[in-house]
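Here is a short note to read alongside the structure. Please keep the sequence and the model open while going through the points.

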Amino acid sequence: LGADHVINYRTNPKWGKEVLKLTNNKGVDHVVEVGGGATFNQSVRATRLGGHIAIIGVLSGPAASNVVLPSIFAKLIRLSGVAMGNHTQQQA
């Protein structure tokens with residue numbers, strides 16, 4: 001994937017805002033969301049117009065409260081769920 005910058009979400013809980021600052025308010029093409037409910041809104045904030053969020057994990061819990069759906073619609077963000085498991089679990 002590669003990264004030009006790294007932001008620690010623990011020391012910078014408003015990391016989505018920091019992403020916008022680093023990208024001249026454009027946001028990023030892809031977000032790999034592993035945090036779950038507690039970090040999802042920051043992922044939406046950090047994603048550019050027409051960008052993509054791959055939801056892989058739910059480390060902070062499976063529910064995202066106060067999701068601002070209009071932001072997802074207005075930014076034309078694509079969401080993809082990514083299943084995790086071993087080879088046998090991935091077979092239909």
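Which side chain meets that of E18 in a salt bridge? Point 1 gives the reply, and the other points follow from there.

1. The partner of E18 is K21: their side chains meet in a salt bridge, at 3.4 Å from N to O. Keep in mind that this is a predicted model. Both residues belong to helix 1, where they sit 3 residues apart, about one turn of the helix. E18 counts as partly exposed because its relative accessibility is 21%, and the cut-off for buried is under 20%. K21 has 60% relative accessibility, so K21 counts as exposed. As background, side chains of opposite charge can pair when their charged atoms come close.

2. The count of salt bridges comes to 2. The other pair is D29 and R48, whose side chains meet at 2.4 Å, N to O. This pair links distant parts of the chain, since D29 is in strand 1 and R48 is in strand 2, 19 residues apart. D29 is partly exposed, at 42% relative accessibility. R48 is also partly exposed, with a relative accessible area of 28%.

3. Helix 1 covers residues 15–22, and its buried residues are W15, G16, V19 and L20. Why do they line one face of the helix? Seen down the axis of helix 1, the buried residues fall within an arc of 150 degrees, so they line one face. K17 and K21, on the other side of helix 1, are exposed.

4. What do the buried residues of helix 1 pack against? They pack against strand 1 (28–33) and helix 2 (40–46). Just after helix 1 comes N24, which takes a positive phi of about 55 degrees.

5. V6 is found in the segment before helix 1. This residue counts as exposed because its relative accessibility is 77%, and exposed means over 50%. V6 and V19 are 13 residues apart in sequence, and their C-alpha atoms are 9.3 Å apart in space. V19 itself is one of the buried residues of helix 1.

6. The next item is the largest pocket. Its space is about 1100 Å³. The lining has 31 residues, and those closest to the centre of the pocket are W15, V19, V28, H30 and V31. On the general idea, rolling a probe the size of a water molecule over the atoms shows where empty space is left.

7. Where does the lining of the largest pocket come from? Helix 1, strand 1 and helix 2 each supply at least two residues. Strand 1 gives the largest share, with 6 residues. Sorted by kind, the lining residues are 17 nonpolar, 11 polar and 3 charged.

8. Is H52 buried or exposed? H52 is buried, because its relative accessible area is 13%, and buried means under 20%. This residue has its place in strand 2, which runs over residues 47–55. Leaving out residues up to four places away in sequence, H52 touches D29, H30, V31, T47, R78 and S80. Among these contacts, D29 is the residue that meets R48 in a salt bridge, while H30 and V31 are among the residues closest to the centre of the largest pocket.

How values were computed
Residues are numbered from 1 along each chain as its sequence is written. This is a predicted model: local features need pLDDT of at least 70, side-chain atom pairs count only at pLDDT 80 or more; totals for chains, interfaces and linings use all residues. Side-chain values use heavy atoms; hydrogens and water are left out. Buried means under 20% relative accessible area, exposed over 50%, partly exposed in between (1.4 Å probe, protein chains only). Helices (H or I, at least four residues) and strands (E, at least two) are DSSP runs, numbered from the N terminus. The arc is that of the directions from the helix axis to the C-beta atoms. Contact means heavy atoms within 4.5 Å. On a 1 Å grid over the protein atoms alone, a cavity is a set of points where a 1.4 Å probe fits but cannot get out, and a pocket is an open set with protein on both sides within 12 Å along at least five of seven lines; lining residues have an atom within 4 Å of a point. Grid points are joined across faces, edges and corners, and a volume is the space filled by probe spheres set on the points. Ala, Val, Leu, Ile, Met, Phe, Trp, Tyr, Cys and Pro count as nonpolar, Asp, Glu, Lys and Arg as charged, and the others, Gly among them, as polar. A salt bridge is a side-chain nitrogen of Lys or Arg within 4 Å of a carboxyl oxygen of Asp or Glu.
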